Amino acid sequence: MGASKHIQPDDKADQRRGIDYIGVCASFVVHDGKGRILLQKRGAEARDEQGRWDVGGGAVEFDETPAETVRREIREEYCCEALDVEFLVAYDAHRQLDDGTKTHWVAMVHAVRIDPTKVTIGEPHKISEVGWFTSDDLPEPLHSQFWKSFECAQARDLVR
């Protein structure tokens, strides 16, 4: 029996999450515990849907749990700590990018409570603006996947 061949990744062989294989992300509905949620307006260097308002999130990295991803992304995106993290739901996100490329991600949605006085934009190239909202004053335009996360937050009474 011959030795198995291990292929090393390189720039040409590396695959793209969500395009060449199913990507896994941990997204989060950030709330203040008083009925408001924090949304971010996607900046010029966001992966897609620039200029649209959305919840936060990021790809789960190798050897990282979804809850660890949430806590890391909260620090990176909002420069603060997650006070409470609660898993809400997982769903398939099938979309098409502006150039026609189809994407497939499995999104694991979490509710995260933070201190609203601690929020600062940590990734200004990806996030152009943040704001606190209730269900009565949501901004426009919204990201194509927004409602899947938002409706779970509403069902848990996290937003009014």
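These notebook entries record what I looked up in the structure.

**Entry 1. Ground rules**

I worked from a predicted model, in which local features need pLDDT of at least 70, side-chain atom pairs count only at pLDDT 80 or more, and totals for chains, interfaces and linings use all residues. Residues are numbered from 1 along each chain as its sequence is written, and side-chain values use heavy atoms, with hydrogens and water left out.

**Entry 2. The chain as a whole**

I began with the secondary structure and found 2 helices and 7 strands in the chain. Helices (H or I, at least four residues) and strands (E, at least two) are DSSP runs, numbered from the N terminus. Along the sequence I read the pattern β-β-β-β-α-β-β-β-α. The C-alpha atoms fill a box of roughly 65 × 35 × 30 Å, taken along the principal axes.

I then looked up burial, where buried means under 20% relative accessible area, exposed over 50%, and partly exposed in between (1.4 Å probe, protein chains only). Of the 160 residues in the chain, 42% are buried. The chain exposes about 9,400 Å², and carbon and sulfur atoms supply 48% of that area. Accessible areas come from the Shrake-Rupley method with a 1.4 Å probe, and for residues only the protein chains shown count as cover.

For contacts (heavy atoms within 4.5 Å), I noted the share between residues 24 or more positions apart: 71% of the contacts in the chain with a separation of 6 or more.

**Entry 3. Nonpolar cores**

I next searched for nonpolar cores, each a set of buried Ala, Val, Leu, Ile, Met, Phe, Trp, Tyr and Cys residues joined through side-chain atoms within 4.5 Å. The largest has 22 residues, and those with the most contacts inside it are V29, I37, L39, L138, F146 and F150. Two or more residues come from each of β1, β2 (37-42), β5 (84-96), β6 (102-113) and α2 (146-155). I noted that β6 gives the most to this core, with 4 residues.

I followed V29 further. Leaving aside neighbours within four places in sequence, V29 is in contact with I37, V55, V109, H110, A111, V112, S149 and A153. A second, separate core of 15 residues includes F28, V60, Y78 and M108.

**Entry 4. R17**

I located R17 in the segment before β1 (23-31). R17 counts as partly exposed because its relative accessible area is 33%. Not counting residues up to four places away in sequence, R17 touches G23, A59, V60, E61 and W105. R17 and V60 are 43 residues apart in sequence, yet 10 Å apart in space, C-alpha to C-alpha.

I also found a polar contact of 3.3 Å between the side chains of R17 and E61. A polar contact is a pair of N or O atoms within 3.5 Å; within protein, one must be able to donate a hydrogen and the other to accept it, and residues adjacent in sequence count only if both atoms are side-chain atoms.

**Entry 5. Salt bridges**

Side chains of opposite charge can pair when their charged atoms come close. I counted a salt bridge where a side-chain nitrogen of Lys or Arg is within 4 Å of a carboxyl oxygen of Asp or Glu. The whole structure contains 14 salt bridges.

R72 pairs with E64, the closest N and O atoms being 2.8 Å apart, and both residues are buried. R72 also meets E76 in a salt bridge (3.3 Å, N to O). E76 and R72 both lie in helix α1, 4 residues apart, about one turn of the helix. R72 counts as buried because its relative accessibility is 17%, whereas E76 is partly exposed at 32%.

I then checked R156 and E86, whose closest N and O atoms are 2.3 Å apart in a salt bridge. R156 lies in the segment after α2 and E86 in strand β5, so this pair ties together parts that are 70 residues apart in sequence. Salt bridges that share partners also join R42, D48, E49, R52, D54 and R95 into one network.

**Entry 6. Backbone details**

I looked up E49 again for its backbone: its phi is positive, about 45°, although E49 is not a glycine. E49 lies in the loop between β2 and β3 (53-54), and is buried, with a relative accessible area of 18%.

D63 likewise is not a glycine and has a positive phi, about 70°. D63 is found in the loop between β4 (56-59) and α1 (66-78), and is exposed, with a relative accessible area of 75%.

Finally, I noted a cis peptide bond joining E140 and P141, with omega about -5°. P141 is in the loop between β7 (127-133) and α2.
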